[in-house]
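User: Could you walk me through this structure before I set anything up with it?

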Amino acid sequence: YDYQLVRLTEGQMKEEHEALDKADEIYFKHSQLKKQEMEMDKKFEGTKATLNMYKQSFDKQKKSL
């Protein structure tokens, strides 16, 4: 096999650098969104548990009337 060293032009190097920066930015945003999604899921589960507790309490009070 003949391997040739490929040299990027200054413009190509700049484009590659910008593409890598953009990929880093997208990865960071994705990871932040994933973290926020997990936090919201946790809050939702807590709220749902509280709602169920109130519902059970309400049902007991209703039966005792």
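This is a predicted model: local features need pLDDT of at least 70, side-chain atom pairs count only at pLDDT 80 or more; totals for chains, interfaces and linings use all residues.

Analyst: What follows goes through the fold, the surface and the charged contacts in turn.

User: What box do the C-alpha atoms fill?

Analyst: Taken along the principal axes, the C-alpha atoms fill a box of roughly 90 × 30 × 10 Å. Lys62 is in helix H1 and counts as exposed, at 52% relative accessibility.

User: What share of the residues is buried?

Analyst: Of the 65 residues, 0% count as buried, where buried means under 20% relative accessible area, exposed means over 50%, and partly exposed lies in between (1.4 Å probe, protein chains only). The protein exposes about 7100 Å², of which carbon and sulfur atoms supply 58%; accessible areas come from the Shrake-Rupley method with a 1.4 Å probe, and for residues only the protein chains shown count as cover.

User: Switching to patches, which residues form the nonpolar one?

Analyst: Val6, Leu8 and Met13 form a nonpolar patch on the surface, and together they have about 300 Å² of accessible area. Leu8 is found in the segment before H1 and counts as partly exposed at 39% relative accessibility. Patches are made of residues with over 30% relative accessible area and no salt bridge, with like charges joined within 9 Å and nonpolar side chains (Val, Leu, Ile, Met, Phe, Trp, Tyr) within 5 Å.

User: And which residues gather in the negative patch?

Analyst: Glu15, Glu18, Asp21 and Asp24 gather in a patch of negative charge on the surface. Glu18 belongs to helix H1, which covers residues 10-64, and Glu18 is partly exposed, with a relative accessible area of 44%.

User: How far apart are the mean positions of the positive and negative charges?

Analyst: The mean positions of the 13 positive and 13 negative charges are 18 Å apart. In that count Lys and Arg are positive and Asp and Glu negative, whereas His and the chain ends are not counted, and the place of a charge is NZ of Lys, CZ of Arg, CG of Asp or CD of Glu.

User: How many salt bridges does a search of the whole structure find?

Analyst: The search finds five salt bridges, each being a side-chain nitrogen of Lys or Arg within 4 Å of a carboxyl oxygen of Asp or Glu. Among them, Lys34 and Glu37 meet at 3.2 Å, N to O, and these two residues are three apart in helix H1, which puts about one helical turn between them. Lys34 counts as partly exposed at 42% relative accessibility, and Glu37 is partly exposed too, at 38%.

User: What about Glu45, which residue does it bridge to?

Analyst: Glu45 forms a salt bridge with Lys48, the closest N and O atoms being 3.9 Å apart, and both residues lie in helix H1, three residues and about one turn apart. Glu45 counts as partly exposed at 44% relative accessibility, and Lys48 counts as partly exposed at 38%.

User: Which residues are joined into one network?

Analyst: Salt bridges that share partners join Lys22, Glu25 and Lys29 into one network. Within it, the closest N and O atoms of Lys22 and Glu25 are 4.0 Å apart.

Note on methods:
Residues are numbered from 1 along each chain as its sequence is written. Side-chain values use heavy atoms; hydrogens and water are left out. Helices (H or I, at least four residues) and strands (E, at least two) are DSSP runs, numbered from the N terminus.
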